[in-house]
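Let's take a walk through a protein fold, piece by piece. Have the picture open while you read.

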Amino acid sequence: VFEANPEFLDGEKLKILKEAGVHWLVLGVQSLDDDVIRRTGRVQRRAQVERAYREARKAGIPYIAFDLMYGLEGQTERGFMADIRTLADWKPDRIEMYEFSPTKCTLFSRRGGILSPKRRQEIKKLIGI
């Protein structure tokens with residue numbers, strides 16, 4: 001099992017991973033909305049996520065999963081649902097969803113970002129609780 005940021009993967013690295021016996025690749029996507037990703041301090045873009053996924057399939061890695069987050073700064077219910085639909089259309093083997101819960105070591109927190117009580121309520125609404 002290997003977990004990676006899609007930005008750092010290319011065909012050659014994926015071939016090496018496959019040859020090393022990696023059979024399960026988890027891509028840390030968080031969101032496909034480039035603006036939302038920028039706000040979190042991540043650097044990958046939607047095009048890089050799709051490229052990494054397609055290259056991983058081409059390299060023959062048999063099991064590919066995406067990690068997706070809800071509650072990211074600037075994320076809307078519509079945008080989150082669009083991310084799920086897009087990822088599902090790509091036909092990964094699994095999509096894992098996690099609540100955005102920044103720790104003090106994240107760029108979001110180091111820049112002074114906090115989840116206000118209002119934002120926490122919006123996140124609950126986003127996931128229907």
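## Strands side by side

Phe-2 sits opposite Leu-25 of strand S2. Keep in mind that what you're looking at is a predicted model. That pair belongs to the place where S1 meets strand S2 (residues 24–30): the two run parallel, and 3 bridges join them.

Zoom out a bit, and you'll find 4 strands making an open sheet, in the order S1-S2-S3-S4, with parallel pairing. Which strands are at the edges? They are strand S1 (2–4) and strand S4 (94–99), each of which pairs on one side only. On average, neighbouring strands of this sheet are turned by 25 degrees against each other, if you ignore direction. As a general rule, strands of a sheet pair through backbone hydrogen bonds, and they can do so parallel or antiparallel.

Now hop over to S3 and S4. These two also run parallel, and 6 bridges join them. Here Tyr-70 stands opposite Glu-99 in S4.

Here are the two joins again:

| Strands joined | Bridges | Direction |
|---|---|---|
| S1 and S2 | 3 bridges | parallel |
| S3 and S4 | 6 bridges | parallel |

## Helices on the sheet

Next, the helices. H3 packs on the sheet, where it touches S2 and strand S3 (63–70), and its direction makes about 160 degrees with that of S3. Helix H4 (residues 77–90) lies across S3 and S4, and runs at about 175 degrees to S3.

## Helix meets helix

How do two helices cross here? The axes of helix H1 (residues 11–19) and helix H3 (residues 46–59) come within 9 Å and cross at roughly 45 degrees. That angle is why H1 counts as oblique to H3. The crossing of H1 past H3 is right-handed.

And who does the touching? From H1 it's Gly-11, Leu-14, Lys-15 and Lys-18, and from H3 it's Ala-52, Glu-55, Ala-56 and Ala-59. Sorted by class, the contact of H1 with H3 has 4 nonpolar, 1 polar and 3 charged residues.

Key. Residues numbered from 1 in each chain as written. Predicted model: local features only at pLDDT ≥ 70, side-chain atom pairs only at ≥ 80, totals over all residues. Heavy atoms only, no water. Axes fitted to C-alpha atoms, helices over the stretch in contact; angles between N-to-C directions. Parallel < 35°, antiparallel > 145°, perpendicular 65-115°, else oblique. Left-handed = near helix turned anticlockwise from the far one by under 90°. Contact = heavy atoms within 4.5 Å. Nonpolar A, V, L, I, M, F, W, Y, C, P; charged D, E, K, R; others polar. Pairing = 2+ DSSP bridges.
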